[in-house]
Amino acid sequence: MVFVWICIGIGILAATVLVSKIIKTPRNSFIALRCKKCGLKTNSLKCPLCENEKNDLK
């Protein structure tokens, strides 16, 4: 029975941590709308400018 109470406590603690992380993060922080190298707006796709630069070096 003690094991059940410990598991319930751990579950509540984990849920509290996850909810607090959801509340603290900005709305669109998981989407990288711009390229990290050149700053071009890519809408989370591969950057055509940086991709071409890699192909030119080969």
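**Cysteines, surface and fold**

Guide: Start with Cys47: its relative accessible area is 9%, so Cys47 is buried. Keep in mind that this is a predicted model.

Visitor: Which cysteine sulfur is closest to the one in Cys47?
Guide: The one in Cys38, at 3.5 Å. A disulfide needs the two sulfur atoms within 2.5 Å, so that pair is too far for a bond.

Visitor: And Cys35, buried or exposed?
Guide: Cys35 is buried, because its relative accessibility is 15% and the cut-off for buried is under 20%.

Visitor: What about the sulfur of Cys35, which cysteine is closest?
Guide: Cys50. The sulfurs of Cys35 and Cys50 are 3.6 Å apart, too far for a bond.

Visitor: Switching topic. What secondary structure does the protein chain have?
Guide: Two helices and zero strands. Helix 1 covers residues 2-24, and Ile12 is found there.

Visitor: Is Ile12 buried or exposed?
Guide: Exposed. Its relative accessibility is 53%, and exposed means over 50%.

Visitor: How much accessible surface does the protein chain have?
Guide: About 5,600 Å². Carbon and sulfur atoms account for 67% of that.

Visitor: Last one. What share of the residues count as buried?
Guide: 7% of the 58 residues in the protein chain. Cys47 is buried, and so is Cys35.

Note on methods:
Residues are numbered from 1 along each chain as its sequence is written. This is a predicted model: local features need pLDDT of at least 70, side-chain atom pairs count only at pLDDT 80 or more; totals for chains, interfaces and linings use all residues. Side-chain values use heavy atoms; hydrogens and water are left out. Helices (H or I, at least four residues) and strands (E, at least two) are DSSP runs, numbered from the N terminus. Buried means under 20% relative accessible area, exposed over 50%, partly exposed in between (1.4 Å probe, protein chains only). Accessible areas come from the Shrake-Rupley method with a 1.4 Å probe; for residues, only the protein chains shown count as cover.
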